[in-house]
Amino acid sequence: MSSMAERMTGCQTLVYGSETIDFSLSFSPRKRLSITVEPTGCVVVKAPEQATSEAVLVQVRRRAGWIIRQRDRFAAFGPVMPPKRYVNGETHRYLGRQYRLRISQGTSSSVKLLGRYFEIVTPDKSDSSAVRELLETWYRQHAEQFFETRLRQCLQSPCFRGLDAPAWSIRLMKRRWGSCTKNGRILLNLLLIQTSPPCIDYVITHELCHLIEHNHTAAFYQLLDRAMPDWRKRKRKLELHEL
Ligand SMILES: [Zn+2]
């Protein structure tokens, strides 16, 4: 057996703290080792032909923090989309459905959902930051109503019997869909309003479970299983959402 064949290639695993990093490893004629985290969450490591397995592991370990952050980011938000430009014809989502922007000039500002369109009226239709602000305000107003309704509905589960309706608020968050503070306040990401109702219910139910079990313990997941037996399916759907 040649030394090349003995060297580890293919799928490798590195344990880093409480995290596990699975990565595919290949060797090729190249100068430097490269590490890529693909939008699917797969970690691809390409090493120079001459590198030893130990040297590769040392380098992957050195960048483990970065790999985990990248992976979490993709897991939370799915594929990274090009930034929105807030121009005519551009697609934006609301409750899992796609709508196109139709921007027109007018004396006052307004946003309406009509058919498959966001009808936006603004004094200067070339001012994309004004369009963005109008749309964000519209999302926020609708999210406030929708999340409140869903929160009350999710709270009806027998799992939450006796629980008071928690204080909650909307945040624009980069990395998480929702969170629950130590003193029991639920934060929901504004961007959730772009996903579908089953996904929104999943995030709300997840956070409601945190009012009872603060950490991601076995007891937490047992509670979540009881409150929402199909939460895994919803979570996977949420992870595929393009924002
Ligand atoms: Zn959680």
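Reader: Let's start with Asp201. Buried or exposed?
Author: Buried. This is a predicted model, and in it Asp201 has a relative accessible area of 10%.

Reader: Where does Asp201 lie?
Author: In helix α5, which covers residues 197-212.

Reader: What is Asp201 in contact with, neighbours within four places aside?
Author: Arg150, Cys154, Met228 and Arg234.

Reader: Why not simply call His216 exposed?
Author: Because exposed means over 50%, and His216 has 49%.

Reader: OK, Gln153. Which helix is it found in?
Author: Helix α4, residues 128-154. Gln153 is partly exposed, with a relative accessible area of 44%.

Reader: How far apart are the C-alpha atoms of Gln153 and Thr205?
Author: 9.9 Å. Along the chain, Gln153 and Thr205 are 52 residues apart.

Reader: Now aromatics. How many pairs does a search of the whole structure find?
Author: It finds 9 aromatic pairs. One of them is Phe118 with Trp138. Their ring centres are 5.0 Å apart and their planes stand at 85°, so the pair is edge-to-face.

Reader: Which parts does that pair tie together?
Author: Strand β8, where Phe118 lies, and helix α4, where Trp138 lies. The two parts are 20 residues apart in sequence.

Reader: Phe118 and Trp138: buried or exposed?
Author: Both count as buried. Phe118 has 0% relative accessibility, and Trp138 has 7%.

Reader: Which residues do ring pairs link into a cluster?
Author: Tyr94, Tyr99, Phe118, Trp138 and Tyr139.

Reader: What about cations over rings? Which ring face does Arg102 lie over?
Author: The face of Tyr117, at 3.7 Å from the ring centre. Arg63 also lies over a ring face, that of Trp66, at 4.4 Å from the ring centre.

Reader: Back to Arg102. Which side chain does a polar contact join to it?
Author: The side chain of Glu119, at 2.7 Å. Glu119 lies in strand β8, residues 117-122.

Reader: What does Glu119 touch, not counting residues up to four places away?
Author: Arg102 again, along with Ser110, Val111, Lys112 and Leu114.

Reader: How many residues sit between β1 and β2 in the hairpin?
Author: There are 2. Gly17 is in the turn, and its phi is positive, about 60°.

Reader: And β2 with β4, parallel or antiparallel?
Author: Parallel, over 6 bridges. Ser24 stands opposite Val44 in β4.

Reader: Which sense for β3 and β4?
Author: Antiparallel, over 4 bridges, with β3 spanning residues 34-37. Val37 has Val43 in β4 as its bridge partner.

Reader: Why is β4 described as largely enclosed by the rest of the structure?
Author: Because 5 of its 6 residues are buried. The strand covers residues 43-48.

Reader: Where is Tyr86 found?
Author: In the loop between α3 (64-77) and β5 (91-94). Tyr86 is buried, with a relative accessible area of 17%.

Reader: And phi of Leu95?
Author: Near 50°, a positive value in a residue other than glycine. Leu95 is found in the loop between β5 and β6 (97-105).

Terms used. Residues are numbered from 1 along each chain as its sequence is written. This is a predicted model: local features need pLDDT of at least 70, side-chain atom pairs count only at pLDDT 80 or more; totals for chains, interfaces and linings use all residues. Side-chain values use heavy atoms; hydrogens and water are left out. Buried means under 20% relative accessible area, exposed over 50%, partly exposed in between (1.4 Å probe, protein chains only). Two strands pair if DSSP finds at least two bridges between them. A polar contact is a pair of N or O atoms within 3.5 Å; within protein, one must be able to donate a hydrogen and the other to accept it, and residues adjacent in sequence count only if both atoms are side-chain atoms. Contact means heavy atoms within 4.5 Å. Rings of Phe, Tyr and Trp (its six-membered ring) pair if their centres lie within 6.5 Å; planes under 30 degrees apart count as stacked, over 60 as edge-to-face and the rest as tilted. A charge sits over a ring if NZ of Lys or CZ of Arg is within 6 Å of the ring centre and within 35 degrees of the ring normal.
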